[in-house]
Amino acid sequence: MGRITPGTGSAGIAEQLRRSILDGEYPYLAKLPGERDLAESFAASRGTARTALNQLEEMGLVSRRAGSGTYVTHDSGTDLQDGSGLSIVEVTSPIELIECRLAIEPKMVKLAVLNASSRDLENLQQILKQIESCGDDPECFSRADELFHLSLAMASHNRLIYWLYIKLNEVRTHAQWDHMKKSILGPRTIKEYNSQHRALYRALVERNIEAAEGIMTGHLEKARQDLLSVGTG
């Protein structure tokens, strides 16, 4: 299933399986590996693997059948389309994506401050270490950054927000964003983003709603300015 990153918790396992499904590695109606196999592949417990599969089911990507297994129910042919018949992923620009994130994520972290469990915070701390271990590698940083923000959505404990964020992440996989991130994610920018991630995590631990909302807004505004500078440079 592509490149496996062990020790990332249920959110990390779910994210890697989600990518495999969206990339077509597991097509419509394909059977996913069982809990025991997933636990072994990801160096996790069966309970963690089970939670990851349950999260995929909540996303509407799979169906779990007792005594049979877990099957892919995502069909790429049913993606949202614009009036031209193109997938919304294909026509959404990086700036539109950031603007949408600005509308959602500050309130998302407010809910995360209010609702995050100790397990959510532990998971975010693990992912922070993963992001920071990427150094100046833009591909590694981008993958870990997606997982961090997805885990924030999960920590909100609002299933609709989590589902919406899954859709936002799908747009981030498109070639437009891929081109932009290679232009933006230099060593200095990665260091600044990591500093903001760490400050946001501290705000969650301290249950500081105002600080969390402000940090997230500033984080996304910086990303927006970085995108604009590339577009006009």
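User: Contact means heavy atoms within 4.5 Å; which residues is glutamate 213 in contact with, leaving aside its neighbours within four places in sequence?

Analyst: Glutamate 213 is in contact with Pro106, Lys107, Val109 and Lys110. Please note that this is a predicted model, in which local features need pLDDT of at least 70 and side-chain atom pairs count only at pLDDT 80 or more, while totals for chains, interfaces and linings use all residues. Residues are numbered from 1 along each chain as its sequence is written, and side-chain values use heavy atoms, with hydrogens and water left out.

User: And where is the place of glutamate 213?

Analyst: Glutamate 213 is in helix α11, residues 209-232. Helices (H or I, at least four residues) and strands (E, at least two) are DSSP runs, numbered from the N terminus.

User: Does glutamate 213 count as buried or exposed?

Analyst: Glutamate 213 counts as buried because its relative accessibility is 17%. Buried means under 20% relative accessible area, exposed over 50%, and partly exposed in between (1.4 Å probe, protein chains only).

User: What about glutamate 146: which helix is its place?

Analyst: Glutamate 146 belongs to helix α7, residues 138-155. With 2% relative accessibility, glutamate 146 counts as buried. Apart from its neighbours within four places in sequence, glutamate 146 is in contact with Glu15, Arg19, Asn169 and Arg172.

User: New topic. How many disulfides does the structure hold?

Analyst: The structure holds one disulfide, a term used for a pair of cysteine sulfur atoms within 2.5 Å. Cysteine 134 and cysteine 140 are the two partners, with an S to S distance of 2.0 Å. In general, a disulfide is a covalent bond between the sulfur atoms of two cysteines.

User: Is that disulfide left-handed or right-handed, and why?

Analyst: The disulfide is left-handed because the torsion about the S-S bond of cysteine 134 and cysteine 140 is about -60 degrees. Cysteine 134 counts as buried at 8% relative accessibility, whereas cysteine 100 counts as partly exposed at 32%.

User: Which residues of α3 are buried?

Analyst: They are Ala49, Ala52, Leu53, Gln55 and Leu56. Seen down the axis of α3, these buried residues fall within an arc of 155 degrees, so they line one face of the helix. The arc is that of the directions from the helix axis to the C-beta atoms.

User: What covers those buried residues of α3?

Analyst: The cover includes α1 (9-22), α2 (35-41), β1 (62-65), β2 (69-72), α7 and α8 (159-172). One of the buried residues, leucine 53, has a relative accessible area of 1%. Setting aside neighbours within four places in sequence, leucine 53 is in contact with Leu17, Leu32, Glu35, Leu38, Val62, Arg64 and Thr70.

User: How many aromatic pairs does the structure hold?

Analyst: The structure holds one aromatic pair. Phenylalanine 141 and tyrosine 193 form this pair, which is stacked, at 6.2 Å centre to centre with 20 degrees between the planes. Rings of Phe, Tyr and Trp (its six-membered ring) pair if their centres lie within 6.5 Å; planes under 30 degrees apart count as stacked, over 60 as edge-to-face and the rest as tilted.

User: Which helices do phenylalanine 141 and tyrosine 193 lie in?

Analyst: Phenylalanine 141 lies in α7 and tyrosine 193 in α10 (residues 187-205), so the pair ties together parts that are 52 residues apart in sequence. Phenylalanine 141 counts as buried at 3% relative accessibility, and tyrosine 193 counts as buried at 7%.

Methods. Contact means heavy atoms within 4.5 Å.
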